[in-house]
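This report describes the fold and the charge pairing of one protein model. The sequence and structure are shown first.

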Amino acid sequence: GRGAEAEERRRGEEREERRRGEQEVARLRALLQAEQAQRQRANSTLVATLAEAEAEKTSLAVALATARARAQEQEREMEVRGRAREAAEAKASMHAASLASLSASKAWVE
């Protein structure tokens with residue numbers, strides 16, 4: 001009687017011990033999964049942030065290239081205008097010179 005009772009109590013304690021161990025394992029597993037999920041969310045956020053930064057960098061590079069191209073175009077236009085103005089000035093001064101020589105020869109003829 002007493003030996004069987006002690007055996008039954010020992011088995012009960014072992015079952016209880018095993019149940020507590022399994023609960024602890026389950027609790028730790030849940031904790032680990034929660035931690036992994038949190039890490040994954042943080043990684044996703046980081047990846048999204050990096051992608052945004054990359055997109056912004058690309059759009060800034062495009063804006064910069066566009067601004068440079070526009071500046072070069074304006075420079076070329078100014079060069080062309082400058083050459084046109086120089087040509088016009090040269091033409092005007094040649095015209096003035098020929099008028100002056102014409103009036104000089106006129107005066108000489110008279």
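## Salt bridges along the helix

The side chains of Glu54 and Lys57 form a salt bridge, 3.5 Å from N to O; a salt bridge is a side-chain nitrogen of Lys or Arg within 4 Å of a carboxyl oxygen of Asp or Glu. The model is predicted: local features need pLDDT of at least 70, side-chain atom pairs count only at pLDDT 80 or more, and totals for chains, interfaces and linings use all residues. Residues are numbered from 1 along each chain as its sequence is written, and side-chain values use heavy atoms, with hydrogens and water left out.

Glu54 and Lys57 lie 3 residues apart in helix H1, about one turn; helices (H or I, at least four residues) and strands (E, at least two) are DSSP runs, numbered from the N terminus. Glu54 is partly exposed at 44% relative accessibility, whereas Lys57 is exposed at 53%. Here buried means under 20% relative accessible area, exposed over 50%, and partly exposed in between, with a 1.4 Å probe and protein chains only.

Two further pairs are listed below.

| Salt bridge | Closest N and O atoms |
|---|---|
| Glu7 and Arg11 | 3.6 Å |
| Arg83 and Glu79 | 3.2 Å |

Glu7 and Arg11 are 4 residues apart in helix H1 (residues 2-109), about one helical turn. Glu7 and Arg11 also belong to a salt-bridge network that includes Glu8, Arg10, Glu14 and Arg15. The whole structure holds 15 salt bridges.

The protein chain has 1 helix and 0 strands. Buried residues account for 1% of its 110 residues, and its C-alpha atoms fill a box of roughly 160 × 10 × 5 Å along the principal axes.
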